[in-house]
Amino acid sequence: MQSRYTDADAEQATKQWSVPSLLALRTYTARLLGQSPSLVLHGGGNTSVKGRARSILGEEIDVLYVKGSGWDLATIEPPGHPAVRLAPLHALRALPKMSDEEMVNELRSNLLDSSAPTPSVETLLHAYLPARFVDHTHADAVLAIADQPDAERICREVYGEALVWVPYVMPGFDLAKRCADAFDRAGPAAGVIVLEQHGIFTFGDTAKESYERMIEAVTRAERFVAKRQRQEAPATATAEASFVLPRLRGVLSKLAGVKSERGPVLSLRASPRVLSFLEQSDAEALSQIGCATPDHVIRTKPTALFLKPGGETTAEALSREVTAFAQRYDAYFEAMCRAKKVTKTKLDPWPKVVLFPGLGICAIGKTKKDADIVADVYEHTIDVMTSASAVGKYKPVGMGDLFDVEYWSLEQAKIKHVPEPELGGTVAVVTGAATGIGLATASHLLDLGAHVVLVDRDAAALAEACGLLKKRGGARVASFVANVTVEAEVQAAFAHACRTFGGVDLVVSNAGNAPEGLLDTPEGEEKLRASLELNLVAHNRVSRAAAAVMRSQGRGGCLLFNASKSAWNPGPGFGPYAVAKAALVALMKQHAIDLAPYGIRANAVNADRVRTGLFGGGVLESRAAARGVSVEDYFRANLLKREVLADDVARAFAYLAGARATTGCVITVDGGNAAAFPR
Ligand code: ZN
């Protein structure tokens with residue numbers, strides 16, 4: 001592992017942030033650690049620097065700037081290391097015992113800024129080490145040698161006299177004291193602190209020294225592991241994710257009692273390295289041992305659900321496996337509560353990681369971001385398990401210690417309980433999503449908490465729309481270039497949705513065009529044929545692909561179609577469009593009838609005169625002329641004299657998405673048009 005420290009970047013950091021240079025450099029190297037996933041993952045690790053600060057009375061006091069909870073080292077800013085008065089923390093060391101709640105109270109009480117985030121639970125450990133800079137990570141390579149039955153001997157072999165060895169203790173006051181005592185006993189030879197089954201601390205007079213000691217220590221561990229590592233044959237996927245994931249998602253949703261048309265979001269990892277691990281004969285056994293470092297238990301649970309290679313992946317088979325996993329989890333919870341004589345509120349018993357040989361790691365979360373974090377953590381768990389097995393035997397903390405962290409009030413606080421948004425857990429596919437009504441609808445669904453796959457045939461416009469929505473929705477936004485008149489492209493779009501989010505609950509079938517023409521001419525008939533292909537048959541193609549996914553999930557679903565007022569009130573010379581749209585309303589009704597037994601709803605929005613790309617290429621001027629009005633009047637020619645906006649249509653689609661008792665319905669969004677009242 002290479003040091004990424006450069007003097008130029010360090011100097012830039014001190015200029016970039018107008019804080020004392022110690023804190024700026026602390027922030028800089030904390031980020032360097034955080035940006036290396038093999039050192040630090042998602043909120044893991046912590047860092048500190050000791051300095052001076054001035055109180056409101058003007059007195060200079062010693063403080064510890066230490067990572068505050070809620071900050072991620074990869075993106076940390078100077079306020080992410082709040083200042084805590086150092087002297088009172090030292091005074092606490094004399095106490096024989098302190099509960100975690102008392103410790104947090106002391107940390108918060110000694111903050112210089114009462115509104116700062118709560119200092120890390122490992123703050124006292126940082127305080128009691130005398131060095132100015134202290135860095136802590138859960139580096140993969142260090143865990144590979146620290147998660148061993150004879151880890152101390154191996155770590156001595158790697159680090160020699162410089163090693164300060166600390167047997168496993170849960171993070172908190174006791175660990176801080178034991179670590180400080182071990183450090184004091186080691187004297188000047190101390191160069192690196194390894195915490196059994198947990199991680200590593202380095203320290204130094206400067207930010208660079210502490211950081212580069214971390215890199216050097218991790219590099220030594222990496223070299224030690226590399227010498228012993230077997231070369232695995234790369235493996236490739238043998239199962240089709242887009243078939244298996246929706247079934248798993250449906251099973252998880254059903255067993256957990258989630259409302260229909262919703263489910264967890266899945267994240268699939270299928271690198272050759274992951275697939276090759278899953279084919280190893282000891283993969284199942286390793287996956288049942290426990291987390292690489294206790295911190296990970298809140299992300300992945302103590303163990304993963306491993307599905308036997310070549311086993312059945314029908315919904316019934318998956319349901320049996322998930323149920324058995326939950327029963328094992330319940331038994332673990334009860335056994336631990338009994339053994340420890342404690343009463344705890346049980347977390348949900350469902351797996352966070354499902355391992356499919358031939359398919360990959362399937363991580364599960366409430367959102368794509370959550371699922372991605374679980375997947376990242378488990379990919380690194382595989383690295384640690386593989387490396388530890390090469391070194392000797394993977395032996396991380398046992399179930400009893402994992403339980404203490406999983407049900408630790410301070411760890412529980414890291415997981416925020418936010419109320420579920422209206423379309424939380426809903427995966428939506430929107431066609432024709434790059435512009436106009438499609439884009440407005442995708443945007444609105446996103447605001448209501450849905451995960452959205454934007455589909456359009458215009459790659460450039462789609463990339464722009466996707467980039468725009470990603471600014472707000474991040475990982476909840478995906479896109480796929482597809483022409484809805486091409487069967488293979490529609491199939492691929494739905495397969496992409498399944499691979500990205502695990503399934504589909506809602507489809508807004510919107511892509512279309514507005515051809516004009518006289519049906520009593522050969523040209524008009526040609527246009528009708530093309531219009532039926534895009535404005536009717538393509539909607540059925542999309543519905544068919546959607547219904548296949550929805551049926552495999554077994555949790556219902558919602559099909560929404562963009563019809564038009566032309567279905568009720570055709571305009572002169574607009575036959576190719578009006579006939580296809582009238583047929584589209586009939587298509588919607590037919591799906592409402594035929595798919596109801598599967599809980600799949602079908603509804604349409606009947607919009608009129610929305611200023612979108614549909615009116616490009618002279619169509620707008622031509623339609624206004626056909627009605628004998630000016631372009632501006634054309635948009636306001638309705639009972640309310642109000643121009644209908646794409647956002648008005650988006651709101652109607654969103655309403656139907658949540659209207660669980662409504663199917664076979666058309667909602668009119670046209671400002672009022674008596675001639676087109678549906679009846
Ligand atoms: Zn730690």
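Trainee: What do the buried residues of α19 pack against?
Mentor: They pack against α18 (436-447), β13 (451-456) and β14 (477-481), where contact means heavy atoms within 4.5 Å. Helices here are DSSP runs of H or I with at least four residues, strands are runs of E with at least two, and both are numbered from the N terminus. Keep in mind that this is a predicted model: local features need pLDDT of at least 70, side-chain atom pairs count only at pLDDT 80 or more, and totals for chains, interfaces and linings use all residues. Residues are numbered from 1 along each chain as its sequence is written, and side-chain values use heavy atoms, with hydrogens and water left out.

Trainee: Okay, which residues of α19 are buried?
Mentor: A461, L462, A465, C466, L469 and G473. Buried means under 20% relative accessible area, exposed means over 50%, and partly exposed is in between (1.4 Å probe, protein chains only). Looking down the axis of α19, the buried residues fall within an arc of 130°, so they line one face of the helix. That arc is taken from the directions from the helix axis to the C-beta atoms.

Trainee: And which exposed residues sit on the face turned away?
Mentor: A460, A463, E464 and K471.

Trainee: What caps the N-terminal end of α19?
Mentor: D458 does, with a side-chain oxygen 3.2 Å from the backbone nitrogen of A460. For a polar contact, the pair of N or O atoms must be within 3.5 Å; within protein, one must be able to donate a hydrogen and the other to accept it, and residues adjacent in sequence count only if both atoms are side-chain atoms. After the helix comes G474, with a positive phi near 50°.

Trainee: How far apart are the end C-alpha atoms of α19?
Mentor: They are 20 Å apart, which agrees with the 21 Å that 15 residues (459-473) should span at 1.5 Å a residue. The expected span is 1.5 Å times one less than the number of residues.

Trainee: Switching topic: how many salt bridges are there?
Mentor: The count comes to 41, taking a salt bridge as a side-chain nitrogen of Lys or Arg within 4 Å of a carboxyl oxygen of Asp or Glu. One of them joins E77 and R31, at 3.1 Å from N to O. That pair links distant parts of the chain, 46 residues apart: E77 is in the loop between β2 (60-66) and β3 (83-85), and R31 is in helix α2 (residues 21-34).

Trainee: What does R93 pair with?
Mentor: R93 meets D181 in a salt bridge, 2.8 Å from N to O. R93 is in the loop between α3 (86-92) and α4 (100-109), while D181 is in helix α8 (residues 173-186), 88 residues apart. R93 counts as partly exposed at 24% relative accessibility, and so does D181 at 36%.

Trainee: Which residues are linked in a network of salt bridges?
Mentor: R269, R273, K368, D372, D376, E379 and D383.

Trainee: Now the metal: what are the protein donors of the zinc ion?
Mentor: H136, H138 and H198, each through NE2, lying 2.1 to 2.2 Å from the zinc ion. Donors are N, O and S atoms within 2.8 Å of the metal (3.2 Å for Na, K and Ca); water is not among the atoms, so sites may look incomplete. Along the chain, the donors follow the spacing H-x1-H-x59-H.

Trainee: Are H138 and H198 buried or exposed?
Mentor: H138 counts as buried at 10% relative accessibility, and H198 counts as buried at 3%.
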